[in-house]
Amino acid sequence: TTTTTTATAGHQNWSSRWAFVLAATGSAVGLGNIWKFPYITGENGGGAFVLVYLLCIAAVGLPILIAEIMLGRKGAKSPIASMRDLISKHNASSGWVSIGAIGTLAAFLILSFYSVIGGWAINYVGYTVSGDFIGKDGDAVGGIFGAMLADPSSLLFWHSVFMALTLFIVARGVKGGLEKAVTWLMPALFALLIVMVIYAMTTTGFAQGVSFLLTPDFSKLTQEGVLKALGHAFFTLSLGTGVMMAYGSYLNHDVSIGRTSITVGLMDTVVALVAGLAIFPIVFANGMEPGAGPGLIFVSLPLAFGSMSLGTIIGTLFFVLLVFAALTSAISLLEPSVEWLEERSGFNRVTATLVAGGAVWFLGIATVLSLNLWSDVHPLGMIPAFEGKTIFDLLDYVTANIMLPLAGLLAALYVGWVMKKEEVAEELSLANGPMTLFWNVTRYITPAAVIIVFMNSIGLLG
Ligand code: PHE
Ligand code: NA
């Protein structure tokens, strides 16, 4: 562990490299890995999608993770204010502020629906602890999920509980709140996922589940699937949201950003793949549809908990840990707005947290209603890519597939083309070989990959 030099006055730093790794992993590992990755993999045909996703993580996600943490640490303020300072230092165009601005807005929008899903998970703690799934078949478990979605007041209630927990942690500040929350939760969640994989091995669907996840069938890959794989690489690593910049702003200068980023990226990827290994065998063993959508884990896992021994304990623990994993991501999603409000308005941390959180909570009502009363409201339905999408679908689609890749692309371009190679090399303290690799990837490969996927998907707009 390292020292506690303070980067900027009034700015409390992480207490060690390890604390930062935990917090960044806490942000990365969340509903994206356990809820979203399996269901979008299911919707996009499995192995080929997973392969593209892994490529996106390596060629796009990792370089941008490094770039964003570096920009944040250099700026040592909120993403927006950091970009303003860097821009004047580098004599660059003020347009680059959009890296911070798009990101801060995207994080705000994501949290509004992330919290609703977090609320589902809290609700499911209640279901599992009271044994609601014991002995139920797929239809019955699906019925419980459907009934939850159909009830706006209960969705609103659990969304409110989730937001309240998030605000409570964020208001306590970086050291008091964020660090403590992640230290033991991540390993515990991982251990339970392994338990689920072991259970999955005993089901009749194991071989089929593994092959679905790992055997690429490129005939099932669409252009939209490629865009979604890219978008999910951003979402899962918390990129393009200002989150990694905001966390980087609390990072000491003696920490190796390259090494740290690889650790975070690996842990995130492993958790997603293990979640897939736990879920798909259960899906196939029970004759469920892998493309069932956002309800996938909320039906497949309870089915397993309902029929395995110790299912009530394991299931309860699982959803408790899922809630915590979601919370450590949610607090990171609120951080860019809070940090910005603190600087901008002079609010203290608690007030800034309440103002930003209140606004997110209010917007979350739109997602709650999208699942029932407004399920037929499709605001941008005249655009082919948005056809049939509810407000919830749109918030998810536009943030993950457009705003995040765009903000991340700009971050890569800023580091690769505005900053000087010497400055970047010094900041990352990389040896010549890795630095040359990072430099070329960030300048050419990462931007080219994002731009090509974007260009290809323009067709979706019709
Ligand atoms: N990475 C988080 C997850 O996978 C979600 C998230 C996205 C968090 C963007 C912060 C910023 O669940
Ligand atoms: Na993730």
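Me: Among contacts in the protein between residues at least 6 apart in sequence, what percentage join residues at least 24 apart?

Reply: This is a predicted model, in which local features need pLDDT of at least 70 and side-chain atom pairs count only at pLDDT 80 or more, while totals for chains, interfaces and linings use all residues. Residues are numbered from 1 along each chain as its sequence is written, and chains are lettered from A and ligands numbered from 1 in the order in which they are written. Two residues are in contact if their C-beta atoms, placed from the backbone, lie within 7 Å. Of the contacts between residues at least 6 apart in sequence, the share that joins residues at least 24 apart is 83%.

Me: How many helices and strands does the secondary structure of the protein have?

Reply: Helices (H or I, at least four residues) and strands (E, at least two) are DSSP runs numbered from the N terminus. On that basis, the secondary structure of the protein comes to 19 helices and zero strands.

Me: Why is the protein described as being as compact as a globular protein of its length?

Reply: The C-alpha atoms fill a box of roughly 65 × 50 × 45 Å along the principal axes. The radius of gyration is taken over C-alpha atoms, and the globule rule is 2.2 Å times the number of residues to the power 0.38. For 462 residues the rule gives 23 Å, and the protein is as compact as a globular protein of that length because its radius of gyration is close to this, at 21 Å.

Me: Which elements give two or more residues to the shell around ligand 1?

Reply: A residue is near a molecule if its C-beta atom, placed from the backbone, lies within 6 Å of it. The ligand is surrounded by 16 residues, of which Gly 30, Gly 32, Ser 238, Thr 241 and Ser 329 are the closest. The elements that give two or more residues to this shell are α1 (17-28), α2 (31-43), α5 (98-129), α11 (223-236) and α15 (311-345).

Me: How many of the 12 residues of α1 are buried?

Reply: The expected span of a helix is 1.5 Å times one less than its number of residues. For the 12 residues of α1 this gives 16 Å, and the end C-alpha atoms are 16 Å apart, which agrees. Among the buried residues of α1 are Phe 20, Leu 22 and Ser 27. The helix is largely enclosed by the rest of the structure, because the number of its residues that are buried is 10.

Me: How far apart in space are Leu 31 and Ile 117, C-alpha to C-alpha?

Reply: Leu 31 belongs to helix α2 and is buried, with 24 C-beta neighbours inside 10 Å. Leaving aside neighbours within four places in sequence, its contacts include Tyr 114, Ile 117 and Ser 329. Leu 31 and Ile 117 are 86 residues apart in sequence, yet their separation in space is 8.0 Å.

Me: Is Tyr 114 buried or exposed?

Reply: Tyr 114 is found in helix α5. Not counting residues up to four places away in sequence, Tyr 114 touches Leu 31, Ser 329, Ala 330 and Leu 333. With 30 C-beta neighbours inside 10 Å, Tyr 114 counts as buried.

Me: Which residues does His 232 touch, not counting residues up to four places away in sequence?

Reply: His 232 lies in helix α11 and counts as buried, with 27 C-beta neighbours inside 10 Å. The residues that His 232 touches beyond four places in sequence are Lys 36, Phe 37, Ile 40, Tyr 53 and Ala 400.

Me: Is Leu 310 buried or exposed?

Reply: Leu 310 is placed in the loop between α14 (296-307) and α15. Its phi is positive, about 65°, although it is not a glycine. With 11 other C-beta atoms within 10 Å, Leu 310 is exposed.

Key: A residue is buried if 20 or more other C-beta atoms lie within 10 Å of its own, exposed if 12 or fewer, and partly exposed in between; C-beta atoms are placed from the backbone.
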